[in-house]
Amino acid sequence: MTEQRIDAIARTCARWRTADFPPRRRAARAIAQRLQYTAPVVDLALDRLFGSITQAAIEATIVDELGSLQALDGFVARAGRPCAFARGVDNVLIISSDAGIGVAIPPMVFALCAKAHVLVKDRSDQLIAAFAKTLIEEAPEFATLLRVQTWENHEASHEAIARADVVVAFGRDETMHAIRTHCAANARFIPFGHRTSVCYIPREALAHASEAYDSARATALDALLYDGDGCLSPHAIFAQRGGALSPESFAASFARACDEISAAFPAAANDLDARVATYRDRMRFRADALGVGAVHPGTNGPHLVVFDPPREEPPPLLPRTIGVYPIDSPEEMLAYIRRRRLPLEAIGTTPQPSADLLNVFLASGASRIAALGRLQDPPLAGNHGGYKRIAPFTTIAYRDA
Amino acid sequence: MTQARELDAAFLAGVRAWAHGSALGFADEAIFDRHARALFAYQIDHNEPYAKFAAARGFNRARLPASWTEIPAVPAAAFKDATLATFDVREAELEFHTSGTTAAQSGKHYIERAALYDAALLAALDRFMLADRMNLRFLNLVPNPRLKTHSSLGYMMGHASVLRGDGKAAWFLDDERLDVDGFARALRAAIADAQPVFIAGTAFAFVALLDALDERRAALPAPAGSRIMETGGFKGRSRATSRDELYARLETRLGIPENAIVAEYGMTELTSQYYDAPTSREHLHRVKSAPPWLRTLVVAGDGRQMRDGETGFLRHFDLGNRSSILAIDTEDRGYAVAGGIVLLGREADAYPRGCSLTAEDLSA
């Protein structure tokens, strides 16, 4: 029954929340080795991942999308509509990307709740395999539903893709195109291709230096975690003019905050990425020779903050590199996002944005609006990529009244 | 005589001296140093952005660099952000544009006097590519300068074709489309005439050519004495191949031995070019040599000069860049050896990971 499955999943995640849990310790070491992230970064990622997968969050998501938990177990009545059964699809394939930590786990959890047979393509750190093993310890029935593999054989990949009713894939856009061509004609394809995120700092947040620093610090955490990898990492911060603190001062404050965050969550590598060094030199030239913008290199880590980068270009989509753009209005931010055709995953901002501001955010195409400092901590019950969480793993059978 | 004319005259004399085999000229450290520092002084007098850039690094008219190695280098990408010229660019005799693979705008290199570019080009081409014979037939797989008026590569080969060719030069690249049939016809005609050819092209164009010839199962053995100048250019392309593989395929299909296939290395932002040193063309790691008015330091990301053999970024000092910027930092990596540099190319694109985005994605 669905409730028992959810309970088993939640119990397993609770075990993984303990830093000393041996499978987690082993996986954390392997992840650090694979991605070269430092131990604090990996630990935070695992805390956030497993902290988000709770019984309440899973149940709330299912109830919201399907009407009730019971809808997964049999026909249930629906107000004004025929009764329906959200039957899980037969086969789900989840293809992890080379990056990210445990990105395959949330879709896997929901596919299992839907009673689908799930095959996950794991990475070399075998986090998913380790999680699956502990999940089966909690509920042996998952052994018949869940398989985790690592494979490099393209033929095997193509066969698995062709067999799947639903394919969830993470990675580069070219990879998404390639996978899509191998999907069955009636399969559902849920691609998590390339996207990025931005932050918006309204002038109200720049009224006092101390509050502005709080915003800067929260934004720095979002920007520097995972070295700026992933679709939830902001590479552009839009700071509104007209506050007591200018956007330029905010940029300097943000650079100090980056230094502070770097001490807590050090970069994977101490050396500045070659392309970041090139970008830094060019921005220094702009600042020194043309008097445009400012450059704030990290004092205790390889990060780079550039105030007022060129608007004719996309933001600096480079490791631990963030541009701070001074703007007069949120519409100016929107115009830039549209002009540069930035595919957005999320926008980080201060709490309680106005209705007008929300409209601008929606117009940007972002699927998530988050509090500063929480961009890298998406709720399980949210909709990564704008997709529903469990509905895609089900088909609705209905019985006429 | 104006200062610009004096500098140009000195440069052209240095080029002529080298072309005629004189040991004097810019190969002499003191002569290169004196000319470079005079050029720097001239450039900060006539190029405001560069003067400000240099001032931020502690150099001005009152405090000039003690040595050419101290001259502040501008990142090549700065040509996208500023007009880096010592003259009114409306008077430019040459204007070259960078391809601009990642930025919306391309960089522009304005050259006041074409004579400097032409002299530097021909002297080096004669030394590194045409030392044994002239009057080759130029078959160009690079942009036609009549169609791509701002392509430095097109200009370069156009000029060389006219002044060093047999009068029957032809062009086979039009807006990225390669005229394989036209090339094959031209090469067959050269074979029939027993006329050696000089084939110039980007690595990508050669790959496309070879793929097409493979499909046709066509082997076109070029007449003895033929040669190839490969100008790099894989960046941003969908298919890459190793240099060794490319050269082996060229030898097989076109009958031009690998030691007659020479890699040229240049940049839109430079006046002068590097070529594979003749003595290294049989070796696995080819050494790139330049005429003595183009010198290169290998530097770390923080600008610190590396020792010979240590890998770093290439910082070029080109005395031919009188009317723009003498010292230019690049993203190209390599290391210094006796007689030149070994070019390693650009750092592999390892970023981004996950579902994040690169500028290349947006500009594709």
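**Group meeting: sheet, helices and domains in a predicted model**

I start in chain A, where strand E4 (residues 117-121) and E5(A) run parallel and are joined by four bridges. Two strands count as paired if DSSP finds at least two bridges between them. Strands and helices here are DSSP runs, numbered from the N terminus: helices are H or I with at least four residues, strands are E with at least two. Within this pair, Leu119(A) stands opposite Arg147(A) of E5(A).

A word on the source: this is a predicted model, in which local features need pLDDT of at least 70 and side-chain atom pairs count only at pLDDT 80 or more, while totals for chains, interfaces and linings use all residues. Residues are numbered from 1 along each chain as its sequence is written, and chains are lettered from A and ligands numbered from 1 in the order in which they are written.

Back to the strands. In chain A, five of them form an open sheet with parallel pairing, in the order E5-E4-E3-E6-E7. Which strands stand at the edges? They are E5 (146-149) and E7 (188-192) of chain A; each has a single partner strand, so one side of each is left without a neighbour in the sheet. On average, neighbouring strands of this sheet are turned by 10° against each other, direction ignored. Axes are lines fitted to C-alpha atoms, for helices over the stretch in contact, and angles run from 0 to 180 degrees between N-to-C directions.

Helix H5 (residues 105-113) of chain A lies across E3 (91-95), E4, E5 and E6 (166-170) of that chain, and runs at about 165° to E4(A).

Next, a helix pair. Helix H2 (residues 22-35) and helix H6 (residues 127-138) of chain A pack at an angle of about 170°, with their axes 9 Å apart. That makes H2(A) roughly antiparallel to H6(A). The cut-offs are under 35 degrees for roughly parallel, over 145 for roughly antiparallel, 65 to 115 for roughly perpendicular, and oblique for the rest. H2(A) makes the contact through Pro23(A), Arg26(A), Ala27(A) and Ile31(A), and H6(A) through Leu127(A), Ala130(A) and Thr134(A). Contact means C-beta atoms, placed from the backbone, within 7 Å.

Last, chain B, which is divided into domain 1 (3-100) and domain 2 (115-265). Domain bounds come from an automatic or database domain assignment. Ten residues from domain 1 of chain B and ten residues from domain 2 of chain B take part in their contact. On the domain 1 side, H1(B) gives the most, with six residues.

How values were computed: Contact = placed C-beta atoms within 7 Å.
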